[in-house]
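Colleague: I am new to this structure and would like to learn how to read its features one at a time. Could we look at it together?

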Amino acid sequence: MSPEAREALAGILKAAGVALAVSWVLLPLALSMLYAFADPGEYYSEGKVVPTRFTLEQLRRFMALGAGEATVNSVVVALATVALSFAIGLPAGYAIARYAFPGRDAVKLLLVGMRMFPVIAIGVPLAVLYLRIGLNDTLLGVALAHTSMALPFVVLITSSIFAGIPREVEEAGLVFGLTRAGVVLHITMPIALPGLTAAAMFAFLLSWNEVFVASVLTLTNRTLPAFVLAQVAAATDLIKMAAVAVMLVPAFIFVFAARRYLVTMWGITLK
């Protein structure tokens, strides 16, 4: 086989592998979205895989159960988790990346160690603590719990991002009259923005998908995953599919809104 033929065959196999991986991820999501709006007669038809008649009835039934309020709660908690994680994690990540201080490696190890314990092991003690301090069944309490889960990763990700920015760039800003705060605001942060967007996406999706802590800490002010777990388990299949669609759409919107910064970080240009 000639080198050109081998190269062409390798390209075909690579493209086939990528297509298979993408299909493996996207096909279940696409079918779930279709089934969420499928007519019940077609959904339960044995000879029909892809529905062709659609209705909003299942979505209306799901919303009638209280899913609208739960969706708003999830969005509020996820955005609060991102804000709190960055308010604490950005300064910490910058300090770890830029300053040498005693115990810096121990701090990094401690941050990793915070994720050693499974959430189920701290759920009940956390619920008892919240009952004592009055944070039980509040969105703030859930956001604080999610922040504690996302914060170690945010600190480690941001510290790696800041460490990859040359010190000479910041020193040049100081030479031209900027203050340290001005250098960080006008030079460091714009350079680090794609990586920080990735960290924000991680924190958002972690909060959006988390179900155990939200189920333990709330009773009436449930987030969407906790609501789905409590209310939709005994519902019909189509209402479950509607729940899947409602869970997916806000996460897709957030990811697509931030994708420009991600592809910039990967060295790709979007028009």
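Modeller: Let us begin with a term: helices (H or I, at least four residues) and strands (E, at least two) are DSSP runs, numbered from the N terminus. In this case, Thr147 lies in helix α6. Please keep in mind that this is a predicted model, in which local features need pLDDT of at least 70 and side-chain atom pairs count only at pLDDT 80 or more, while totals for chains, interfaces and linings use all residues. Residues are numbered from 1 along each chain as its sequence is written, and side-chain values use heavy atoms, with hydrogens and water left out.

Colleague: Is Thr147 buried or exposed, and which residues does Thr147 touch?

Modeller: Buried means under 20% relative accessible area, exposed over 50%, and partly exposed in between, with a 1.4 Å probe and protein chains only. Thr147 has a relative accessible area of 5%, so it is buried. Contact means heavy atoms within 4.5 Å, and, not counting residues up to four places away in sequence, Thr147 touches Ala80, Thr81, Leu84 and Ser85.

Colleague: How should I read the way in which α3 and α8 cross?

Modeller: Axes are lines fitted to C-alpha atoms, for helices over the stretch in contact, and angles run from 0 to 180 degrees between N-to-C directions. The axes of α3 and α8 come within 9 Å and cross at roughly 140 degrees. Angles under 35 degrees count as roughly parallel, over 145 as roughly antiparallel, 65 to 115 as roughly perpendicular and the rest as oblique, and α3 is therefore oblique to α8. Among the residues that make the contact are Val82, Phe86 and Leu90 of α3, together with Met189 and Leu196 of α8.

Colleague: Which residues of the largest nonpolar core touch the most other members?

Modeller: A nonpolar core is a set of buried Ala, Val, Leu, Ile, Met, Phe, Trp, Tyr and Cys residues joined through side-chain atoms within 4.5 Å. The largest one has 45 residues, of which Phe62, Phe86, Phe162, Leu196, Leu217 and Leu224 touch the most other members. At least two residues come from each of α3, α5, α6, α8, α9, α10 and α11, and α3 gives the most, with ten residues.

Colleague: What is Leu196 in contact with, leaving aside its neighbours within four places in sequence?

Modeller: Leu196 is in contact with Phe86, Leu90, Thr158, Ile161, Phe162 and Met189 when those neighbours are left aside.
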